Amino acid sequence: MIGFIARRLVWMLITLWVVFTLSFFLMRAVPGGPYASDRQLEPEIEANIRREFNLDKPLYEQYWLKLKQVASGDLGSSTKIRTPVNRIVSEGLPVSGALGLLALAIAFAIGLPAGIISAVARGTFADVALMSIATIGIALPNFVVAGFAIILFVFVLEWLPAAGWGSLEQLVLPAFCLGAPYAAYVARIARTGMLDVLSQDHIRTARAKGLGPLSVVLRHALPTAMLPVVSFLGPAVAGIMTGSPVVEQIFAIPGLGWHFVQSAINRDYPMAMGLVLLYTGLLYTMNLLVDLSYGLLDPRVEWD
Amino acid sequence: MTTPPLNAKRAGVSLTQDAIRRLSKNLTAMISFAVLVVVVGLAVLTPLLPLQPPDRDLTAQMFAEPTAERLFEKTFNFDPQVNAVARERLPAALEKRGVRQAELKSLLADAKRTPEAESQSRRNLRQAEAAIVALEQRAYASVGYPHLGPLSRWMVRTRHALFGEWQLASVCGRDKLGRDLLSRIFWGARVSLIVGVVATLVSLAIGVTWGSVAGYVGGSVDNLMMRIVDVLYSVPFVFLVIFLISILSEDRVKDALAGYGIDRITIFYFVVGAIYWLTMARVVRGQVVSLRNEPFIEAARSIGVSQTAIIFRHIVPNLLSIVVVYLTLTIPRVILFEAFLSFLGLGVEPPDVSWGLLANEGIQVITPIKIYWWLILFPSLAIGVTLFALNFLGDAIRDAFDPRLKGR
């Protein structure tokens with residue numbers, strides 16, 4: 001297992017290095033360099049700025065210096081708002097993290113019961129209705145869901161505030177919009193898993209000895225049916241993290257995604273690059289954690 | 001010996017035939033297919049339909065609500081006369097471009113040219129070209145059409161001949177500049193669908209080539225190629241693409257690329273295609289590895305067919321079913337991705353429209369005072385119905401090609 005983790009960490013470093021190199025050279029490919037601004041600066045000031053960001057050195061030396069800087073954990077600093085990227089991360093990460101966790105919780109809290117109900121009530125109206133809703137949830141982009149949700153909950157019903165950050169009320173709607181497509185996936189996967197288990201022998205035995213339907217489903221079938229759902233956790237975490245820029249943009253939430261989109265729109269390349277690296281590392285770590293958790297849940301899994 | 005007739009009948013059914021038979025019995029799949037045919041058909045024929053021009057802004061009717069009072073109004077003031085006049089002037093403009101081209105050519109042949117003279121000559125040529133475009137587009141741009149290709153221009157003229165000044169009233173309402181929403185949805189469909197199809201084809205070309213080469217060559221080459229795919233898989237491409245697009249839309253880079261005739265949509269095709277090839281490459285490789293050991297490949301090799309010919313003539317056609325399945329599953333994802341980027345303001349740029357851009361415009365104008373629900377509802381419906389149909393059809397095709405379900 002330690003070998004498995006070590007190997008995965010080596011691959012993570014390689015991936016991070018690939019992303020770093022790609023974005024470094026992309027950034028340097030811009031004519032005039034990333035620090036050129038629209039207004040003309042005094043030659044002395046420009047020279048100072050170039051020295052501050054090591055732009056007066058040859059390209060390979062810049063690359064090496066930047067690589068050393070990033071490897072030591074310093075993601076550089078934004079050129080437009082003159083703030084270290086690390087500070088933006090330490091402010092934005094908790095916000096995005098809270099949003100993502102709640103979205104994940106919503107996805108599983110809605111998806112699981114829906115999937116189980118439609119598997120148990122297979123072929124009935126409830127099953128067809130739930131699965132149609134799930135397909136709609138998968139097909140609709142989350143900004144469309146957000147548009148409808150804002151109209152319904154904010155303006156028609158007036159239950160929730162439209163945007164902002166700070167209170168739990170403001171968190172509910174964005175988390176729902178972010179989690180909705182994954183609730184749909186979870187429902188589908190839970191249904192398939194449940195149907196597989198319900199046709200197995202030990203369920204027939206449980207029924208034969210006279211257990212109530214609730215006990216059969218919840219105590220005997222559910223634990224086994226959970227496995228495919230848990231293995232969906234990895235893609236779900238990745239998807240929720242990549243989906244958050246749009247949702248944070250719509251609801252004006254000062255999370256990492258929002259900062260990232262802003263930096264892309266403002267052409268703040270050093271900041272965008274720092275955030276891309278951060279996202280790569282985060283996604284990789286999340287996937288590693290999910291892979292490790294399979295082994296704890298399913299004894300048949302072996303790490304290779 | 002006689003073969004039992006039952007077996008003789010079954011023997012002729014190939015996997016593809018069986019899949020098509022099963023697909024045609026699937027009602028939801030057929031409905032989805034019909035919906036898609038209608039959507040694509042309408043998108044292709046948009047310039048021919050009596051819709052309002054998509055860029056015609058009527059500030060007096062900003063945010064006009066959807067109306068069903070009258071369906072048609074006589075307001076399409078396209079003037080073929082303008083077009084005729086412009087056409088008369090076209091030969092002169094073409095001639096001028098020819099002169100400018102010759103000038104540039106002779107200047108480039110001259111070794112002692114100055115950079116100033118060269119850039120002046122290039123600028124002259126660009127001006128001459130712009131004059132031609134302006135003449136061609138004049139009649140259409142003046143009524144509010146975006147830049148139109150020759151076929152679309154012909155369709156607009158035909159539409160004017162067919163329907164005259166009649167056009168649909170704004171049954172879906174108008175946006176913040178008073179442009180007709182219904183017509184913008186139709187024009188947006190053209191962009192969204194083309195992006196979906198072309199970018200998927202790009203990813204198909206890369207993925208099939210990469211996967212089949214890796215699978216067929218095998219050994220350490222296969223290992224290396226698949227390791228590259230593995231590394232790229234864990235790169236969060238959404239972020240890298242946003243980063244890339246923000247760099248590529250920098251004015252200076254854009255000008256440089258425009259010199260080669262590359263605009264943002266072209267870049268988009270390649271960027272998106274470059275992401276979605278990964279899954280395709282994996283799937284194709286798996287299939288090729290199992291095909292490689294089939295006797296007919298060995299036979300081809302034994303009679304001296306070249307490696308390239310084996311890959312492209314014998315292996316690629318056998319990948320068709322699996323490729324079709326992934327194609328239908330990739331198109332909705334690409335359309336969704338385009339909508340996602342356009343929504344963030346990093347995809348299609350105005351004056352072009354796409355569905356993501358329309359949804360973004362709808363969300364932008366949400367205010368506590370008034371909601372313009374039609375600006376959210378109708379673009380969302382268009383995206384939703386199309387993606388719903390594509391997803392349903394994709395799932396059904398995947399099930400239909402599933403060999404485990406064969407004959408059922």
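1. The side chain of T386(B) reaches the backbone oxygen of A382(B) at 2.8 Å. T386(B) sits in helix α16 of chain B, where helices (H or I, at least four residues) and strands (E, at least two) are DSSP runs numbered from the N terminus. With a relative accessibility of 2%, T386(B) counts as buried; buried means under 20% relative accessible area, exposed over 50%, and partly exposed in between, with a 1.4 Å probe and protein chains only. Neighbours within four places in sequence aside, T386(B) is in contact with L36(B), V39(B), L193(B) and W355(B), contact being heavy atoms within 4.5 Å.

2. Basis of the values. This is a predicted model, in which local features need pLDDT of at least 70 and side-chain atom pairs count only at pLDDT 80 or more, while totals for chains, interfaces and linings use all residues. Residues are numbered from 1 along each chain as its sequence is written, chains are lettered from A and ligands numbered from 1 in the order in which they are written, and side-chain values use heavy atoms, with hydrogens and water left out.

3. Interface, extent. The contact between the chains takes 47 residues from chain A and 41 residues from chain B. Together chain B and chain A bury about 3,900 Å², and 84% of that is on carbon and sulfur atoms. Buried area here is the accessible area (1.4 Å probe) that two parts lose on being put together, summed over both. On the side of chain B, F239(B), F243(B) and L344(B) lose the most area to chain A, together 18% of what that side buries.

4. Between chain B and chain A the count of salt bridges is zero, a salt bridge being a side-chain nitrogen of Lys or Arg within 4 Å of a carboxyl oxygen of Asp or Glu. The rule also finds zero residue pairs in polar contact across this interface, with both residues at pLDDT 80 or more. A polar contact is a pair of N or O atoms within 3.5 Å; within protein, one must be able to donate a hydrogen and the other to accept it, and residues adjacent in sequence count only if both atoms are side-chain atoms.

5. Interface, elements. On the side of chain B that touches chain A, two or more residues come from each of α8 (219-233), α9 (237-248), α10 (251-259), α14 (320-343), α15 (355-364) and α16 (373-400) of chain B. The most comes from α16(B), with 11 residues.

6. Helix α5 of chain B. At 1.5 Å a residue, the 29 residues of α5(B) (residues 115-143) should span 42 Å, and the end C-alpha atoms are 41 Å apart, which agrees. The expected span is 1.5 Å times one less than the number of residues. After α5(B) comes G144(B), whose phi is positive, near 105 degrees.

7. Buried residues of α5(B). Among them are E118(B), N124(B), L125(B), I132(B), Q137(B) and Y140(B). What covers the buried residues of this helix includes α4 (80-109) and α6 (150-163) of chain B.

8. Salt bridges, total and two cases. Over all chains the count comes to 12 salt bridges. In one of them E103(B) pairs with R100(B), the closest N and O atoms being 3.4 Å apart. These two are three residues apart in helix α4 of chain B, so they are separated by about one helical turn. E103(B) is partly exposed at 34% relative accessibility, and R100(B) is partly exposed at 22%. E136(B) forms a salt bridge with R153(B), with the closest N and O atoms 4.0 Å apart. E136(B) lies in helix α5 and R153(B) in helix α6 of chain B, so the pair ties together parts that are 17 residues apart in sequence. E136(B) is partly exposed at 27%, whereas R153(B) is buried at 12%.

9. The D222(B) pair. D222(B) forms a salt bridge with R285(B), the closest N and O atoms being 2.6 Å apart. The pair links distant parts of the chain, D222(B) in helix α8 and R285(B) in helix α11 (residues 264-292) of chain B, 63 residues apart. D222(B) is buried at 9% relative accessibility, and R285(B) is partly exposed at 25%.
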